[in-house]
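Here is a short report for a reader who is new to this structure. Please keep the sequence and the model at hand while reading.

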Amino acid sequence: MNFHVIKENDLFYLSDLQGMCKHGSENVSEGGLFTRDTRVLSRLNWVTRPDSLVLLESESKEGYQCHYLYTNRPPAQEGDIPRESILVTRSQSVDGRVLKESGIIRNYSGDDVQIAVLYEIDADFADMFEVRGFAKSFDREVQVSVSGNVCSYRYTARDGRTMKTSVELSTADGPRAWVPLGDTAMQGNFTLHVPAHGHAVWELVVTPSVEGVCNIDAPAHSSGNVFGDAESYAMNADVHRSYERWFARMPRIQGDDRFVAWYTQGLKDIRMLLTDFGYGRFLVAGVPWYAVPFGRDSLIAARQMMAAAPEIARGTLATLAHFQGSEVNPRRDEQPGKILHELRDGELSRLDVLPFHPYFGSIDSTPLFLVVLADYFLWSGDRAFVEQMLPSVRNAFRWIEQYGDRDGDGFVEYWCESDGGIANQGWKDSGDSMMHGNGQLATGPIALVEVQAYVHKAYTNWAQIFALFGDGAESIRCQERANKLQQAFVQHFYDAERNLLALALDGEKRPLLVASSNMGQVLWSDILPPEIGVAVARRMLDPDLFNGFGIRTLSAEEINYNPLSYHNGSVWPHDTSLILSGVRRYGGWDLAEPIVNGLLLAQDGFAHGRLPELFCGFSSREVEKPVPYPVSCSPQAWAAAVPVFVLEQLLGMEPCAPSGRMALNPHLPSGMDDLVIEDICAGQGKFSVALHRANGELLVSILENTTGLVIDVCTSMKGVMSKA
């Protein structure tokens, strides 16, 4: 990636690879400092005089900080600083309240040196949609004032919300002043005296603040603290310690360095993406462009993280329930009971110039809400929370039946009613993602294949839960609807001749007969009869779909295939992980293992093992490592959570906390002979397990179990040991 992002809670900084955004107010691609979906600092440029520094290294493994090391080039003329006698360290960090840049210059020469440092800053308070080039820029009157070493920017939006950004520049020799560069751009410059074999330091602190109208509701008890600890963000600036507490609560893995590194980086990125909007831990979709509440993305990521942090699912579900649709509003594609697609808090959305405060144009968020809540209950047994959510559950089912099924045929379809909304409202939401086999784009309403599977999974799971809650009538009704949907689904979506599940049905109920990854996600449910499910699972491993790194979004044999496209041939790690779960479910470990190995091979090709949002669809026979997609978000929540979900698949976890039992069916991929996992979450506690392969036999030992569940270990291999 050609950018760096650091983030804490709702504050993130997007920069180039040297931590700068040089032309933010002129070039929308250059990043800045963002909060509330608004760019509160649009320029941060740093230079020295003499301009003789060269970057040695930059490091950004931690999600909240970056470090940059420089030394000086050979002198341009006699009397300049001797080459490589200066070491400059710049460090940037965010703590949820401020962006801080600190610098230190070390002088290893025998002579005192003078080095001038210059900063250029600006603030435009642009809406994120303007920054991304998706909306025409507003004319804004930004006020600038200087008081000593503090430069302040102030802007009052058309709805009355006032935003401020103050930039304070300090050095060891005392505070420094700011001077105008033109318009609202300002420059701060100072000269550091660095003694022989000594050092000098400086610090820049950027503090944004929001006043006036605030339309994202939050309960009065909320502290805005992601962790739910006693400390509030206003009192706790030590983000490093908060990361340590985060990792102390996560499952720990030993035994395979490659998998451990991938898993550890994923947890770092997940921690970075956590934000609290007042209802508990919530994963924003990704940075830099999607650091806001999402429905589909956040729900899937929360489900992937269930074995490590089920409280993320709880916070996500509570947040989305609060914003659940309450009226028929075509402008926002809203209907009662519908779960939102995304919630933007920038000026254009608040003023309804764009319909994203919130926007409900997602066909799958509502069934996924039901699926994840059911899984949370089966995983945790948290009956009190689920009972609290029952009104939202009933409203979600009512939406599926009254609004989601637009024509009464039993399938859930989408149709964009908003003039500023999203045309394709499944997870493949680009304009060219729905096509027939001849390449012709489909017209709606569109009934997506995987969405019907989500709905079926919701009905079957809630039939079980309503029975446990003593609501026999609702349990029977859910099961009857699941059975009816299953029968119609196989009839309308399955092409036996081609062993193919249609991508979707178009507005005339014609199947979109193209091979896509969507049909692999269907395997995540049990809507398919076993014989068809096994056939589809095998189809996913054919080389036109499985490229050696993951599952292509569209088969390489289709007319519209393009390995460089967003949804028509690329590979999305989250998509592949859901397919992995379904393939294991229907086809067993032998079919699932190549997908696990493919994901491991893919993460080898990215810095720190950080899988991005997506990568290009070139196969492992064509390229040695995955080819990056040029504008992929990284980190992205549902990509960062993949190793945790893969761990769940390796263990074959099937908890049923309400019944007091959990099944394990563990396997290890080839080349991985030992794995010890401690403190996996389930039931009312945690458990630890050790896996060891010797002489072709898998030995399984339960090391600790405080879950309150009886763990049943099942394996097709010999030599199983189990102790509670």
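## Around Phe397

Leaving aside its neighbours within four places in sequence, which residues is Phe397 in contact with? They are Leu370, Ala458, Tyr459, Trp462, Phe466, Arg477 and Cys478. The model is a predicted one.

## The nonpolar cores

Phe397 belongs to the largest nonpolar core, which has 225 residues. Phe397 is among those with the most contacts inside this core.

A second core is separate and has six residues. Among them are Leu348, Leu354, Tyr359 and Ile422. In soluble globular proteins, nonpolar side chains tend to be buried together.

## Helix H7

Helix H7 runs over residues 365-380, which makes 16 residues. From its first C-alpha to its last, H7 reaches 22 Å. That is close to the 22 Å expected at 1.5 Å a residue.

Is H7 mostly covered or mostly open? The helix is mostly covered, with 16 of its 16 residues buried. Just after H7 comes Gly381, which takes a positive phi of about 70 degrees.

Strand E28 spans residues 674-682 and pairs with strand E19, residues 252-254. The two are antiparallel, with three bridges. Arg252 stands opposite Glu678 in E28.

E28 is also joined to strand E29, residues 685-694. This pair runs antiparallel too, over seven bridges. Here Asp674 stands opposite His692 in E29. E28 and E29 form a hairpin with two residues between the strands. In this hairpin, Gly683 takes a positive phi near 55 degrees.

How many salt bridges does a search of the whole structure find? The search finds 45. One of them joins Glu62 and Lys268, with the closest N and O atoms 3.8 Å apart. This pair links distant parts of the chain, 206 residues apart. Glu62 is in the loop between strand E6 (53-59) and strand E7 (65-72), while Lys268 is in helix H3 (residues 257-273). Lys268 has a relative accessible area of 14%, so this residue counts as buried.

Arg252 forms a salt bridge with Asp679, and the closest N and O atoms are 2.8 Å apart. Arg252 sits in strand E19 and Asp679 in strand E28, 427 residues apart. Asp679 counts as buried, at 17%.

Arg394 lies in helix H8 (residues 383-404), and Asp471 lies in the loop between H9 and helix H10 (472-493). The pair therefore ties together parts that are 77 residues apart in sequence. Arg394 is partly exposed, with a relative accessible area of 33%. Asp471 is partly exposed as well, with a value of 24%.

Some charged residues are linked in a network of salt bridges: Glu130, Arg140, Arg158 and Glu347.

## A sheet of three strands

Three strands form an open sheet in the order E26-E27-E31, and their pairing is mixed. Strand E26 (654-656) and strand E31 (710-713) stand at the edges. Each has a single partner strand, so one side of each is left without a neighbour in the sheet. Neighbouring strands here are turned by 15 degrees against each other on average, direction ignored.

E26 and strand E27 (residues 661-664) run antiparallel and are joined by three bridges. Pro655 has Met662 in E27 as its bridge partner.

## A sheet of five strands

Another open sheet has five strands, in the order E1-E2-E3-E4-E11. Its pairing is antiparallel. Which strands form its edges? They are strand E1 (4-8) and strand E11 (126-127), each pairing on one side only.

Inside this order, strand E2 (residues 11-15) pairs with strand E3 (residues 32-35) over four bridges. Leu11 has Thr35 in E3 as its bridge partner.

Definitions and conventions
Residues numbered from 1 in each chain as written. Predicted model: local features only at pLDDT ≥ 70, side-chain atom pairs only at ≥ 80, totals over all residues. Heavy atoms only, no water. Core = buried A, V, L, I, M, F, W, Y, C linked by side-chain atoms within 4.5 Å. Buried < 20%, exposed > 50% of the residue type's maximum accessible area, 1.4 Å probe, protein only. Contact = heavy atoms within 4.5 Å. Pairing = 2+ DSSP bridges. Expected span 1.5 Å × (residues − 1). Salt bridge = Lys/Arg side-chain N within 4 Å of Asp/Glu carboxyl O. Axes fitted to C-alpha atoms, helices over the stretch in contact; angles between N-to-C directions.
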